[in-house]
Each structure stands twice: as C-alpha cells, then as structure tokens.
Amino acid sequence: MSIRTFVADYGDAVQAAALVDLLDAYARDPAGGGTPLDAAVREGLPAALAARPQAFSVLAFDGDTPVGLINCIEGFSTFACKPLVNVHDVVVLPSHRGQRVAQQMFALVEQEARKRGACKLTLEVLSGNAPALRSYEREGFIGYQLDPAFGHAIFLQKKL
C-alpha cells in the first residue's frame with residue numbers, strides 16, 4: 001500500500017471531485033447519517049470551502065484512487081487566545097479501513113494546525129462508533145473537561 005496524503009487544492013478539479021465523492025460516501029454510511037449529499041452541496045462545496053481561508057482538507061490517495069478525507073475548520077480558543085482546528089469530517093473508505101490511513105491524514109492535519117499556530121485539535125464522534133473512537137484515542141484525542149466536578153463536554157446542535 002502506497003498512500004499519499006496532501007492538503008487539498010479546492011481549485012483542482014480532480015481533488016475537488018475526490019473531496020465531494022468521499023464526503024458523499026461518508027454521508028451515505030450509517031455513521032454519516034445514511035443520506036447522500038444534496039446535489040447543491042455536491043456542486044458548491046469545493047468553491048464554498050475555497051472561499052473560507054479558515055478551512056482546509058487533507059486527502060489520501062492510494063495510487064490514483066481517493067481513499068480518505070479529513071475536512072477541518074479553524075476556530076478560536078478564547079482561553080488560549082489562539083486558533084484551534086476542528087476536525088469536522090473524517091472519511092476512510094471501507095476498502096482501506098484498518099490500514100492506518102486516518103493516522104497518516106491526522107499527521108498532516110496536525111502539521112497544518114501547528115503551522116497555523118493552533119493550540120489544539122477538536123472533533124466530535126458518535127458514541128456508538130467504537131472503531132473511530134479507538135482511532136482517535138490512538139491519535140491522542142481525549143474527552144474534554146475542565147473541572148471533573150462539572151463532568152465532560154457534550155456536543156449539542158440546533159439546526160437553523
């Protein structure tokens with residue numbers, strides 16, 4: 001296996017198509033909600049990401065075949081007064097799971113985050129996704145808490 005990882009160029013047609021196809025594969029998976037991406041999302045996502053300097057994506061290719069994707073969005077930690085990088089999507093195609101593709105992509109995500117002066121990486125994961133949890137723990141991710149008396153962080157959302 002010869003996996004090549006790199007920061008995506010949203011303006012490159014091959015890389016943009018790979019990003020959309022990989023994200024769609026994730027969206028169709030039960031862990032991603034089980035629903036394909038809307039056509040407008042498929043068409044507009046690369047340009048929308050390119051318009052946001054705080055966004056970056058890492059792609060993994062096995063030869064000419066795209067097999068992995070991590071989308072990241074830079075945020076800001078007020079407690080550290082530094083940027084942080086939220087790992088928003090992690091995708092590894094079933095054919096390449098268990099081969100440490102995510103590990104290779106995370107190494108590049110961390111390198112890019114450090115280059116941006118980020119103080120930490122954050123991510124959300126569904127509690128029932130045990131393989132992903134194990135992968136993230138191997139990468140050094142841990143549950144977030146400040147004072148144990150207040151418990152651990154819980155991710156919430158409100159759709160608009």
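Author: The radius of gyration used here is taken over C-alpha atoms, and the globule rule is 2.2 Å times the number of residues to the power 0.38. With 160 residues, a compact globule would have a value near 15 Å, and the chain, at 16 Å, agrees with this. The model is predicted, so local features need pLDDT of at least 70 and side-chain atom pairs count only at pLDDT 80 or more, while totals for chains, interfaces and linings use all residues. Residues are numbered from 1 along each chain as its sequence is written, and side-chain values use heavy atoms, with hydrogens and water left out.

The chain holds 4 helices and 5 strands, which are DSSP runs numbered from the N terminus (helices H or I, at least four residues; strands E, at least two). Of its 160 residues, 34% count as buried, that is, under 20% relative accessible area with a 1.4 Å probe, protein chains only.

A nonpolar core is a set of buried Ala, Val, Leu, Ile, Met, Phe, Trp, Tyr and Cys residues joined through side-chain atoms within 4.5 Å. The largest such core has 23 residues, and those with the most contacts inside it are Ile 70, Phe 106 and Val 109. Two or more residues each come from strand 2 (55–62), strand 3 (65–77), strand 4 (82–92), helix 3 (101–115) and helix 4 (130–138), and helix 3 gives the largest share, 7 residues.

Notes: Buried means under 20% relative accessible area, exposed over 50%, partly exposed in between (1.4 Å probe, protein chains only).
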